[in-house]
Amino acid sequence: MGYFNKAGKLLLIAAAGFVVSMTGNARQAPAPDTGAIASYTNKHVKQSYALLRELLSIPSDAHFPDHVAANVEWMQRAFDDRGFATSVLETGGPPLLLAERAVDPGAKTVLIYLQIDGQPVDPDKWHQEDPYKPVLKENRNGVWAEIDWSNLDGELNPEWRVFARAASDAKGPVAMFLTALDILEREDLTLTHNVKVIMDFEEELGSPHLPAAVERFKEELAADMLLIYDGPRHTSNRPTLVFGARGIATISLTVFGPRRPQHSGTYGNYAPNPAMRLSQLVGSMEDAEGRVIIPGFYDGIELTDSVREIINSVPDNEPAIRKSIGFRTPDGVAPTYQESIQYPSLSVLGLESAWVGSQARTIIPATATAELDIRLVLESEPERLVGLVRQHIVDQGYHVIAGEEPTEAEREQYDRLVSLDYEISYAAFRTPLNSPAGAWAERALVRAFDEDPIKIRTGGGSIPISPFVKSLGLPAILVPAVFIENNQHSPNENLRLGNYVDGIRAYLAILTQPD
């Protein structure tokens, strides 16, 4: 089978691993070794900075259709220009974009997942003109100071960072992958497998249209394995492979008090205060050590000695982690960080009631709202866990109303009223560490960096991969590249350039990794 490169030259891929030109001259194309991968990356990385800046300059909030459209158009052009066949997969919401490049019908096919959208922005919280106008900064005595982009024309300081929304999560990895494809072409390297790339433009919204789309487009997405180019490396910043991720469900609770806010002097000690009741309600879900005490919440999680050995082989420096984040004592769910993320978690994401600060006033609020999330693990059934939370609320004496506001009859009949809405975004997934796909990816990273990667059984975050695993039956592995301290999801998100270079090396090694 053949394909045309960007110059229009027809290349034929022979089963024995030779590249044959139209003249019939054959040459063996061994996979580049560690030194060659580093050399190719350093040779071409400067040419990629313009691509990175251009990509980060496209607004990427999936709440806005014009943002989605602009990113779809840019990504489609980028893959068309690199010899891929692209197609837009309609989902009923933001579309998916599929890019395909085949080398041999007998070769394995790798499906690569790329996230294109970013979190919303609050420009007032960013230390730059515009979160969608990327800037280059260096650290000067603990303060990030902007420097001119022309600095990248000289020797690269790996500690420099590019600040922009989606710089790390996850347009930076997209730029790394596109650059690896460019190096493959410029250096006439052999692509060792068929490649499909699926691009998600609403991941930060929970990818609500993805599960049905994966089922609908099963044939188009068929592959032998799935690689996810997203997420941060281990805290040591060493090469990392992650073999699973927790899923996520969200719950919104609103506790109701008086019909309208009431004067706290007139009705304090008399009118029920929903803010106080909500605080007591969410507080009743955990003990003082941070363990969820809702009966059955951790059922089904059994960590054998062999699993614990795998989990705790990850070289976490937990005192350093706690110091970096800024707390002394971790929650008591498990004795180590890695063990703690093998369990489902229940977190309060935010609380809202009345006013605070300079806007505070002496009132009994009418309502109080809490947003929660449950991080799911493979052994946990999402509906069951949400049901356990709901039953716990009922057991605390609350009547769960069906609508957004209680009726007058409900106000007269029940002492405690709460509304509960929930959404299950996606389930957890986990691929065995000893799977053939895992061994293949590990060999690629060893070739890229000449060291064994850190292998993590389950990452703490959530990504919408379970539909691919469930519907397509694919082993799925994350190949994270970005630095863990990058303000991901927060103002002043950034991409460490040393990680940017390493990500290109990793993805180039994967593109050229033999079976």
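This is a predicted model: local features need pLDDT of at least 70, side-chain atom pairs count only at pLDDT 80 or more; totals for chains, interfaces and linings use all residues.
Strands here are DSSP runs of E, at least two residues long, numbered from the N terminus.

Is Leu-372 buried or exposed? Buried, with a relative accessible area of 2%. The cut-off for buried is under 20%. Setting aside neighbours within four places in sequence, Leu-372 is in contact with Ala-249, Thr-250, Ile-251 and Leu-253, then Val-282 and Met-285, then Leu-346, Ser-347, Val-348 and Leu-349. Take Val-282 from that list: Leu-372 and Val-282 are 90 residues apart in sequence, and their C-alpha atoms are 9.2 Å apart in space.

Seven of the ten residues of β19 are buried, so the strand is largely enclosed by the rest of the structure.

Now the sheet around it. What is the order of the strands in this open sheet of five? The order is β17-β19-β15-β21-β20, and the pairing is mixed. At the edges are β17 and β20, the latter covering 399-401, and each of these pairs on one side only. Neighbouring strands of the sheet are turned by 30° against each other on average, ignoring direction.

Two helices pack on this sheet. Helix α7, residues 274-283, touches β15, β17 and β19, and its direction makes about 20° with that of β19. Helix α11, residues 382-395, touches β15, β19, β20 and β21, and its direction makes about 170° with that of β21.

On to the pairing of β19 with its two partners. Strand β15, residues 247-256, runs antiparallel to β19 and is joined to it by ten bridges. In that pairing, Ile-248 stands opposite Arg-375 of β19. Strand β17, residues 345-352, is also antiparallel to β19, with seven bridges between them. The bridge partner of Leu-351 in β19 is Ala-370, and the bridge partner of Ser-345 in β19 is Arg-375.

Ser-419 lies in strand β21, residues 417-426. At 8% relative accessibility, Ser-419 counts as buried. Not counting residues up to four places away in sequence, Ser-419 touches Ser-252, Leu-253, Thr-254, Phe-256, Ile-401 and Gly-403.

Next, the other sheet. This one is open and has four strands in the order β9-β8-β10-β25, with antiparallel pairing. Here β9 (143-147) and β25 (494-496) stand at the edges with a single partner strand each, so one side of each has no neighbour in the sheet. Neighbouring strands are turned by 35° against each other on average, direction ignored. Strand β8, residues 135-140, pairs with β9 in the antiparallel sense over five bridges, and Leu-136 has Ile-147 in β9 as its bridge partner. Helix α15 lies across β8, β10 (161-163) and β25, and runs at about 65° to β25.

Which residues touch the most other members of the largest nonpolar core? Of its 77 residues, they are Phe-79 and Phe-177. Helix α15, residues 497-511, gives the most to this core, with ten residues. Nonpolar side chains in soluble globular proteins do tend to be buried together.

Phe-177 touches Phe-79, Ile-112, Leu-114, Val-195, Val-197, Tyr-229, Tyr-507 and Leu-511, again leaving out residues up to four places away in sequence. Phe-79, Phe-84, Phe-177, Tyr-229 and Tyr-507 form one aromatic cluster.

How many aromatic pairs does a search of the whole structure find? Ten. One of them is Phe-177 with Tyr-229, edge-to-face, 5.6 Å centre to centre and 65° between the planes. Phe-177 is in helix α3 (171-186) and Tyr-229 is in the loop between β12 (225-228) and β13 (240-242), so the pair ties together parts 52 residues apart in sequence. Both Phe-177 and Tyr-229 are buried. Another edge-to-face pair is Phe-297 with Tyr-298, at 5.5 Å centre to centre and 80° between the planes. Phe-297 counts as buried, at 1% relative accessibility, whereas Tyr-298 is partly exposed at 21%.

Last, charges over rings. Arg-361 lies over the face of Trp-355, 3.9 Å from the ring centre. Arg-496 lies over the face of Phe-483, 5.7 Å from the ring centre.

Conventions
Residues are numbered from 1 along each chain as its sequence is written. Side-chain values use heavy atoms; hydrogens and water are left out. A nonpolar core is a set of buried Ala, Val, Leu, Ile, Met, Phe, Trp, Tyr and Cys residues joined through side-chain atoms within 4.5 Å. Buried means under 20% relative accessible area, exposed over 50%, partly exposed in between (1.4 Å probe, protein chains only). Contact means heavy atoms within 4.5 Å. Two strands pair if DSSP finds at least two bridges between them. Axes are lines fitted to C-alpha atoms, for helices over the stretch in contact, and angles run from 0 to 180 degrees between N-to-C directions. Rings of Phe, Tyr and Trp (its six-membered ring) pair if their centres lie within 6.5 Å; planes under 30 degrees apart count as stacked, over 60 as edge-to-face and the rest as tilted. A charge sits over a ring if NZ of Lys or CZ of Arg is within 6 Å of the ring centre and within 35 degrees of the ring normal.
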